[in-house]
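I opened my notebook to see how this protein is put together. Here is what I looked up, entry by entry.

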Amino acid sequence: MHPDESGPIDLAPVLNWQDGSTLRWTDRPEEVDAAFGRGEPLVGVAVIALALNHADADAILPRVVKALEADDPEVRRQGVIALAHVARLHRTVDKRCLDLLRGCPRGNEADATCGPPLPTDGCRGGSGGTTSRSG
């Protein structure tokens, strides 16, 4: 290491929560969690970016659930977009997200307001299938 260097440089962008200009680069689940904790109005944008930039669906899906459960209808809409990206890129979704899409706030698929349960063995179509994760 050169004497003037203090260590590795973090090349991750500083996230701009005022106008969202850098949120598209979000790839850290902990940043999204912190944004939920602060009540950031653009947290849904960060969830979409996480879905596009993070390699592990298991790290993304809990944040998608938070977005789908949000009080703000725009954050819920962005949660649906994020879930679509997870399904497309990772070829998986989880049961909780599917329940929320059906309008089952408590995950109770037997509730008459939730509609018929979807198959738990995944959705088949196109050139391949997706899997549904429980939990």
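**Whole chain.** I began with burial: 38% of the 135 residues are buried (under 20% relative accessible area, with exposed over 50% and partly exposed in between, using a 1.4 Å probe and protein chains only). The model is predicted, so I noted that local features need pLDDT of at least 70 and side-chain atom pairs pLDDT 80 or more, while totals for chains, interfaces and linings use all residues. Residues are numbered from 1 along each chain as its sequence is written, and side-chain values use heavy atoms, without hydrogens and water.

**Layout.** I found five helices and three strands (DSSP runs numbered from the N terminus: helices are H or I of at least four residues, strands E of at least two). Along the sequence, they come in the order α-α-α-α-β-α-β-β.

**Helix α2.** I checked residues 43-53 next. Eight of these 11 residues of α2 are buried, so the helix is largely enclosed by the rest of the structure. Among the buried ones I listed V43, G44, V47 and L50. What do the buried residues of α2 pack against? My note says α1 (29-38), α3 and α4.

**A70.** I then moved to the loop between α3 (57-68) and α4 (73-90), where A70 sits. Is A70 buried or exposed? It counts as buried because its relative accessibility is 16%. Leaving out residues up to four places away in sequence, A70 touches V75 and R76 (a contact means heavy atoms within 4.5 Å). I also looked up A70 and G44: they are 26 residues apart along the chain, and their C-alpha atoms are separated by 9.3 Å.
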